[in-house]
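Open the viewer and follow along. Each stop tells you what to select and what to look for.

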2 protein chains.
Amino acid sequence: MRTIKLTIAYDGTDFNGWQSQPKGRTIQQTLEGALSRIHDRDISVVAAGRTDAGVHATGQVAAFRSDRDSIPIDRFAHAINSLLPLDVRVLRAEVVRDDFHARFDATCRTYEYHVLPAEHLHPTRRRYTWRVHFHPNIARLNQMCLAVIGEHDFASFAGTGGDTSTTIRRVYQASWRAERDELIFHIAASGFLWRMVRSLVGTMIGFERDRTALEQFEVVRDACNREAAGESAPARGLYLCRVEYPSEYGATEGDREGVGDGGGTTG
Amino acid sequence: MRTIKLTIAYDGTDFNGWQSQPKGRTIQQTLEGALSRIHDRDISVVAAGRTDAGVHATGQVAAFRSDRDSIPIDRFAHAINSLLPLDVRVLRAEVVRDDFHARFDATCRTYEYHVLPAEHLHPTRRRYTWRVHFHPNIARLNQMCLAVIGEHDFASFAGTGGDTSTTIRRVYQASWRAERDELIFHIAASGFLWRMVRSLVGTMIGFERDRTALEQFEVVRDACNREAAGESAPARGLYLCRVEYPSEYGATEGDREGVGDGGGTTG
């Protein structure tokens, strides 16, 4: 019996989010279906983050208990992928400590958000970026990030419906960069409130669109009230890129599969 | 009555290529359908290049004759886009000389081909790149490009079924660059044989996979025989990026719409 940690990528476009539910196709159900076939019994996975409908991942993490000790760990990713549809892939499978918990043990999560300033939609990127009709100033966006970095109460940026007891989170990194013709927001934190990244992006881009004074951004944050912030940016621009864990859970080098291929790291 | 030149982008994934045909959805039929609604009569368009099923475009060009002189040219792109599905967009509309022919008057066409070296498929890029299981050496790929640049008989790289009288073409530029985790092939030529870009890419990547001696690349080219070359790379990695015309056809600045947004240029 082993606990196996999977690093997973998916195109969220045609999924109704991560979490299993009665209606619609979900990533959790799709993955559990493949794992259940391999194990000849029902397998449940626990994910680091339950992404919403339309959100993508390049480094989601999910773990499960496996009694298929006969399958070498370096064959696991290929075995699962052979049973998955093309819009979800396992990038890496590793054996971890038995008490590993993908959600509660994560110490840092990294998201990216892709904004495309363009007059017309670009068809090949319509599922993967938020197109805006003007050119936001990246220096001003990065100024706003200074009010995001650090430990703050992010209640202004929390979607209603979240289930956490506190709205305080610690943000380690937050910045915007230009890449090709896109603007990419990168944020790493101990954890995120529901819709926090999309609320932050929607508010920052709204500040740029309306040419709101930058000092107001801290005012919005300190209001601790969702009404103070702007609308959420759409799901399609958001990617869960990486989840990190303390090294004591980590896989040894020999357990790794596909190193250098995916976006995930282990602590 | 005006002749209008459109610069068009599309996601080729869900199209059965450019050209109208009895079966399947095509870009030509989709675009002509929108134009015919605007004009209240059947409109036919002529494209610079009839891309195959699955091939994308960021700067395809198509032209047609319009008697809707009441629509300002700078509103045309928005008017057409309001009637098009999201996987095809008009980026720019310009008035050109009445005798403009999108195919025969083009002096240079530019394509790009995206290769993704990765062990596992990346779900968000499965429609837009060719994934290969090894890491091609970009210096060696660029060495092979030296045998592509210039005027040559490209019969070895011509798909059977093409309808041209000569297999000689002049290639102005051919090079590979690394961008993010992809390798991108860029090629500009007076014209292309059917499947020429995909045959060149398939052969070059095959040379890398099999570690074939670089000198053999010229041997393949000079064989003037399709059997000598490698298999064609898949359609999904190919983009028609730009089509250029002599300046005498060109739109004046005042006629342009959406400058700076798309990938097209006018001569």
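What share of the 267 residues in chain A is buried? Select chain A and colour by accessibility: buried residues make up 55%. Keep in mind that this is a predicted model.

**Stop 1: chain A as a whole.** Switch to cartoon. Chain A has five helices and ten strands. Now show the C-alpha trace, which spans about 60 × 40 × 35 Å along its principal axes. The radius of gyration of chain A is 19 Å, which agrees with a compact globule of 267 residues, because such a globule would have a value near 18 Å. Turn to contacts with a separation of 6 or more: in chain A, 72% of them join residues 24 or more positions apart.

**Stop 2: aromatic rings.** Over all chains, the structure holds 19 aromatic pairs. Select F157(B) and F217(B): this pair is stacked, with 5.9 Å centre to centre and 25° between the planes.

Go back to chain A. Select F154(A), F157(A), F207(A) and F217(A), which form one aromatic cluster.

**Stop 3: a charge over a ring.** Which ring lies under the charged end of R25(A)? Show F15(A): the charged end of R25(A) sits over its ring, 4.0 Å from the centre. Then move to chain B. There, the charged end of R25(B) sits over the ring of F15(B), 4.0 Å from its centre.

Definitions and conventions. Residues numbered from 1 in each chain as written. Chains lettered and ligands numbered in written order. Predicted model: local features only at pLDDT ≥ 70, side-chain atom pairs only at ≥ 80, totals over all residues. Heavy atoms only, no water. Phe/Tyr/Trp six-rings, centres within 6.5 Å; stacked < 30°, edge-to-face > 60°. Lys NZ or Arg CZ within 6 Å of the ring centre and 35° of its normal. Helix = DSSP H or I, 4+ residues; strand = E, 2+ residues; numbered from the N terminus. Rg over C-alpha atoms; globule rule 2.2 N^0.38 Å. Buried < 20%, exposed > 50% of the residue type's maximum accessible area, 1.4 Å probe, protein only. Contact = heavy atoms within 4.5 Å.
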